[in-house]
Amino acid sequence: MMNQAQLLLIDDDRHVLDSMGSWLREIGYVVDQASNLNQAIALIDDRPYDLILADVRLGDEDGFDVLRHCHTHHPGTTVIMITGYGTVETGIEALRAGAFDLLTKPLIDEELEMAIQRALSQQKVMQENKQLKEQLDLRFGLENIIGHDHRMLRIFDMVDSVADTRATVLITGESGTGKSLLARAIHRRSNRRDQPFIEVACGALPENLLESELFGHVAGSFTGATGNKVGKFKAADKGTIFLDEIGTAPLSMQVKLLRVLQELQFEPVGGTETETVDTRVVLATNENLANLVDRGEFRQDLFYRVNVINLELPPLRERISDIPRLADHFLAEVCQDTGRRVQGFSSEAVAALQRYKWPGNVRELQNVVERAVLLSKNEEITPDDMPSSIASGAPVSVSRSTGTSLKEALEGPERQIIREVLESNGWNRNETADQLGINRTTLYKKMKKLGLEEMAGQRAGM
């Protein structure tokens, strides 16, 4: 109940102090009393209070000293000031000093009770917000990245070392290894954690819109630009911007990106005014940027600029010891969200998970666990609850025919993987692209090249 709050009442008028204290106790509050500044500060330092009601004048002492002491040493404590000589100037001074409210004597019971309830309600909201933030920090912090593999532990150490710096971080690794999660963890462990975290999937935006999305535009700069638009870099000012799939950024945009990384300045599309930002940049790619530089598809000077701190996430097939921990973690999440009562995995199921090569990495494992929990009719997940490609543990076969190039040899397993994921998702291309960790355009191109486009059409016509 709200009226069980701990209150401290401070007034040098003993009659007012006793009568107000008695009334507050009658309506259910726990009240301590102090008649001078030293007594009040001693009580405040000795025990926590939900609310302090302090008279502005305490004999020859100043009630504002109570407010200043709380602001400095107990910032979470709410203070209401009370005065018998209320003026606009006193009210402004009290609010500027951090008081929740300024009440004028003589006090009306209903007015005082309403002010107390408002203050306690606000304090409750602030506490709930703090708890939500702590939960968010836990969800997106390193605590939510499961990994005891020595390479993962080394990455965690590097994150702790660079989180509070402005250094640009490049996260590399195959699709589905958790690059986005690691980027959020870097932000959450930095001194920018209370500022915006803005994520941009560069590969999901057409070339002509990416620059506008990142840097904004002014009205009339191109067809359809009917008003000014704030770009993501400006929106992430004082915070962090995460540029995923940076390897897909066009060369024309890379020039502007290099400048903002070096000088923290840019001009919106079609604009002449220079914007200055304090934005920390984290980038990610599943491509080899050095190879892109050799092919002329990525600027060499930009590569050197972004490759300051490189965190390379290993694929799941190289973290076999982490698979049981990750599977248990995802199982607990699914059970909490769905209310299912699945206790764990059979030893055969764990063995099957560890034999599989996981082309979709951690994201694929998460989807497999979710599917298994939803389909299982028992308290323990067995291989029967998993896709056949995982349950059988059969390795992907590669043709050894003479004269076959590496590119041709790899098309077989790639076609098999994409077809299996398409079938598991009912040939839904959006879900398949998400599960494989590639964008939809890449999936369409691969389906067409591997002869799966025609098969998808036949399935749709069934």
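Trainee: What makes E9-E10-E13-E8-E14 an open sheet, and in which sense is the pairing?

Mentor: Five strands join in that order, with parallel pairing. Strands here are DSSP runs (E, at least two residues; helices are H or I, at least four), numbered from the N terminus. At its edges lie strand E9 (197-201) and strand E14 (309-312), each pairing on one side only. This is a predicted model: local features need pLDDT of at least 70, side-chain atom pairs count only at pLDDT 80 or more, and totals for chains, interfaces and linings use all residues. Residues are numbered from 1 along each chain as its sequence is written, and side-chain values use heavy atoms, leaving out hydrogens and water.

Trainee: Why do E9 and strand E10 (residues 240-244) count as a pair?

Mentor: Two strands pair if DSSP finds at least two bridges between them. E9 and E10 have five bridges, in the parallel sense, so they pair. In one of them, Val-200 is partnered with Leu-243 of E10.

Trainee: Which residues lie nearest the centre of the second largest pocket?

Mentor: Pro-75, Gly-76, Thr-77, Thr-78 and Gln-123, out of 24 lining residues. A pocket is an open set of points on a 1 Å grid over the protein atoms alone, with protein on both sides within 12 Å along at least five of seven lines; lining residues have an atom within 4 Å of a point. Helix H5 (109-140) is among the elements supplying at least two lining residues, and H5 gives the most, with five.

Terms used
On a 1 Å grid over the protein atoms alone, a cavity is a set of points where a 1.4 Å probe fits but cannot get out, and a pocket is an open set with protein on both sides within 12 Å along at least five of seven lines; lining residues have an atom within 4 Å of a point.
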